[in-house]
Amino acid sequence: MSRLIAIDKIHNIPSKYRHTPIGHLLEYQNLNRPYQNYSKAKLLIGMCMDNRKHLHIPDNFAFILRTGGANLRHSEFKVAYAIAVGGVKHVALIGHNHCNMSNLKARRGLFVKGLVKNAGWKKKEAQKYFENHAATFEIGEETDFILGEVRRLRLRYPKVTVAPMFYKIENNRLYLLKEK
Ligand SMILES: [Zn+2]
C-alpha cells in the first residue's frame, strides 16, 4: 500500500542506485555514512523550499534547487545548466509529506489575507494574483507529483539517472518512491 521504500541499511538501496551519488545521498541522510571530500558536485537535488527539512550532506557534494513542492518545471534552465556545465549525471527529486504546495485552494484565504497584511497589497490584487498563479504551482498529491516529474526529467535528459525520493518531516529520513 505504502509507496515509500524505507532505507535502513545499505541493501535496501536498489543496485541501480547503490554506489552512485543517489545511493550516497541516502547513506548520508539515513545511515551515517562518513563524509567524503568533494571538489565538485556529483548530484543535483531538487527539493521543496519548506523550512522543516534538513539534509545531512558534505560540502560540495550537491547542487540544490529548492522550489515550492520540489517543482522543477519552472527551473528548467538551472537544471539544464547543472547537467551541461556542472556535469552532474544524477538527480534526486525529493518530495515530502504535508507539503503546502498541495491543495493550494484550501489556503486561498490565508494567501490573500497575508499579502494584504504582510506585504501591503490591495485585496483585489492579491485575489487576482492567486487566481492567475495557483494552478501553475499546485502539485496535487505529493508522491504522484514527484513520480510524474521524474518521468518528465528522464525523458528530457535521457543520459541522466533520476530518482524519486520522499522526505518524512517526522523523522527527517529519506525514502525512495516505488515505481510501477
Ligand atoms: Zn513542500
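**Charged pairs and a zinc site**

Let me start with E131, which counts as partly exposed because its relative accessibility is 48%. Please keep in mind throughout that what we are looking at is a predicted model.

E131 has a partner, R108, and the two form a salt bridge in which the closest N and O atoms are 2.6 Å apart. R108 belongs to helix α3, residues 108–119, while E131 sits in helix α4, so this pair ties together parts that are 23 residues apart in sequence. R108, at 30% relative accessibility, is likewise counted as partly exposed.

That is one of 10 salt bridges found in the model. Another is made by E141 and R3, with 3.7 Å between the closest N and O atoms, and here the partners are 138 residues apart, E141 being in the loop between α4 (123–137) and α5 (142–156) and R3 in the segment before β1 (4–6). E141 is partly exposed, its relative accessible area being 39%, and R3 is partly exposed with 27%.

A further bridge joins R154 to E179, whose closest N and O atoms are 2.7 Å apart. It connects helix α5, where R154 lies, with the segment after β6 (173–177), where E179 lies, across 25 residues.

Now to the metal: which residues coordinate the zinc ion? The donors are C48 through SG, H96 through NE2 and C99 through SG, at 2.0 to 2.3 Å, and along the sequence they follow the spacing C-x47-H-x2-C. C48 in strand β2 and H96 in strand β4, residues 90–96, are 48 residues apart, so that distant parts of the chain are linked, given how the strands are assigned. Both C48 and H96 are buried.

Turning to the surface, K40, K42, K89 and K159 gather there in a patch of positive charge. K40 is located in the loop between α1 (21–30) and β2 (43–48), and with 46% relative accessibility it is counted as partly exposed.

The loop between α1 and β2 also holds N32, which has a positive phi of about 55 degrees although it is not a glycine. A70, not a glycine either, has a positive phi of about 60 degrees and is placed in the loop between β3 (62–67) and α2 (76–84). Are these two residues buried or exposed? N32 counts as exposed because its relative accessibility is 67%, whereas A70, at 1%, counts as buried.

Conventions. Residues are numbered from 1 along each chain as its sequence is written. This is a predicted model: local features need pLDDT of at least 70, side-chain atom pairs count only at pLDDT 80 or more; totals for chains, interfaces and linings use all residues. Side-chain values use heavy atoms; hydrogens and water are left out. Patches are made of residues with over 30% relative accessible area and no salt bridge: like charges are joined within 9 Å, nonpolar side chains (Val, Leu, Ile, Met, Phe, Trp, Tyr) within 5 Å. Accessible areas come from the Shrake-Rupley method with a 1.4 Å probe; for residues, only the protein chains shown count as cover. A salt bridge is a side-chain nitrogen of Lys or Arg within 4 Å of a carboxyl oxygen of Asp or Glu. Lys and Arg count as positive and Asp and Glu as negative; His and the chain ends are not counted. The place of a charge is taken as NZ of Lys, CZ of Arg, CG of Asp or CD of Glu. Helices (H or I, at least four residues) and strands (E, at least two) are DSSP runs, numbered from the N terminus. Buried means under 20% relative accessible area, exposed over 50%, partly exposed in between (1.4 Å probe, protein chains only). Donors are N, O and S atoms within 2.8 Å of the metal (3.2 Å for Na, K and Ca); water is not among the atoms, so sites may look incomplete.
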